Amino acid sequence: MVGASAYAETPQSLQSVGNLVTVKKLNWRIAESLAVEAVNVCERQGYSVTATVVDPSGHQQAVIKGDIVPLQSLSVSYRKAYTAFSYGMVFNKNSTSELIAAKVTGPLDGAVLATEPEIIFIAGGVTLRTADGAVIGGIGVSGAPGGDKDEACARAAVYKLQASFR
């Protein structure tokens, strides 16, 4: 697990007032629309995929499966979304491909990270942020022939719906 210092800052998506904590997250309709849009974008390119949106608790908030997807796409899309959310927040990156490019998966930075059960360092996950940069979740897409194609579908969906992340 990452040392406590990596988590020292309170995420911007959390607000604390007295003994209560408020968490910013997408409502289920927007989360569902985001997953549907990612599946639609990939489908228009001839790819049947699964798209998963996770909320700030790291749990699945919306999952849309294309008509013909590989069985593993369900778990892989979740893990991409979870990785984009959780490590995108910690390392201030916007996608799983950015985490990979930053060598977060390497022995000095992230060897232990790769052993966490929900983590997967494969392109296809995008960090969800509000206009002010607060991390509010992640979306992961799996099933296209390559993580770059998965991630392009996720990014297109985020781009289309990001104005509603408020």
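Biologist: Which residue in β4 is the bridge partner of Val-54?
Modeller: In this predicted model, Val-54 has Gln-60 as its bridge partner in β4. The two strands, β3 (residues 50-54) and β4 (residues 60-65), pair in the antiparallel sense, and five bridges hold that pairing.

Biologist: What about the hairpin of β3 and β4, and which residue there takes a positive phi?
Modeller: That is Gly-58, with a phi near 85 degrees, in a hairpin that has five residues between the strands. Asp-55 also lies in the loop between β3 and β4.

Biologist: Is Asp-55 buried or exposed?
Modeller: Asp-55 has a relative accessible area of 9%, and therefore counts as buried, since the cut-off for that word is under 20%.

Biologist: And which residues does Asp-55 touch?
Modeller: Leaving aside residues up to four places away in sequence, Asp-55 touches Lys-25, Gln-61, Phe-85, Ile-136 and Gly-137.

Biologist: Which residue of β6 is the bridge partner of Val-53?
Modeller: In β6, Val-53 has Ile-139 as its bridge partner. β3 and β6 run antiparallel and are joined by five bridges.

Biologist: Changing topic to α4, which of its residues are buried?
Modeller: The buried residues of α4 are Gly-147, Asp-150, Glu-151, Cys-153, Ala-154, Ala-157, Val-158 and Leu-161. They lie on the same side of α4, because the arc they cover around the axis is only 155 degrees.

Biologist: What covers the buried residues of α4?
Modeller: The cover includes the helices α1 (28-44), α2 (73-91) and α3 (96-101), together with the strands β5 (125-129) and β6 (135-142).

Biologist: Which exposed residues does the face turned away from the buried side carry?
Modeller: On that face of α4 you will find Asp-148, Tyr-159 and Lys-160, which are exposed.

Biologist: How many aromatic pairs does the structure hold?
Modeller: The structure holds two aromatic pairs. In the pair of Tyr-78 and Tyr-82, the ring centres are 6.0 Å apart and the planes stand at 45 degrees, so the pair is tilted.

Biologist: Where do Tyr-78 and Tyr-82 lie?
Modeller: Both are in helix α2, four residues apart, which is about one turn of the helix. Tyr-78 is buried, with a relative accessible area of 14%, whereas Tyr-82 is partly exposed, with a relative accessible area of 23%.

Biologist: Last one, on the whole chain: how many helices and strands does the protein have?
Modeller: There are four helices and six strands, and along the sequence they follow the pattern β-β-α-β-β-α-α-β-β-α. Of the 166 residues, 45% count as buried. Among contacts between residues at least 6 apart in sequence, 64% join residues at least 24 apart.

Note on methods. Residues are numbered from 1 along each chain as its sequence is written. This is a predicted model: local features need pLDDT of at least 70, side-chain atom pairs count only at pLDDT 80 or more; totals for chains, interfaces and linings use all residues. Side-chain values use heavy atoms; hydrogens and water are left out. Buried means under 20% relative accessible area, exposed over 50%, partly exposed in between (1.4 Å probe, protein chains only). The arc is that of the directions from the helix axis to the C-beta atoms. Contact means heavy atoms within 4.5 Å. Rings of Phe, Tyr and Trp (its six-membered ring) pair if their centres lie within 6.5 Å; planes under 30 degrees apart count as stacked, over 60 as edge-to-face and the rest as tilted. Two strands pair if DSSP finds at least two bridges between them.
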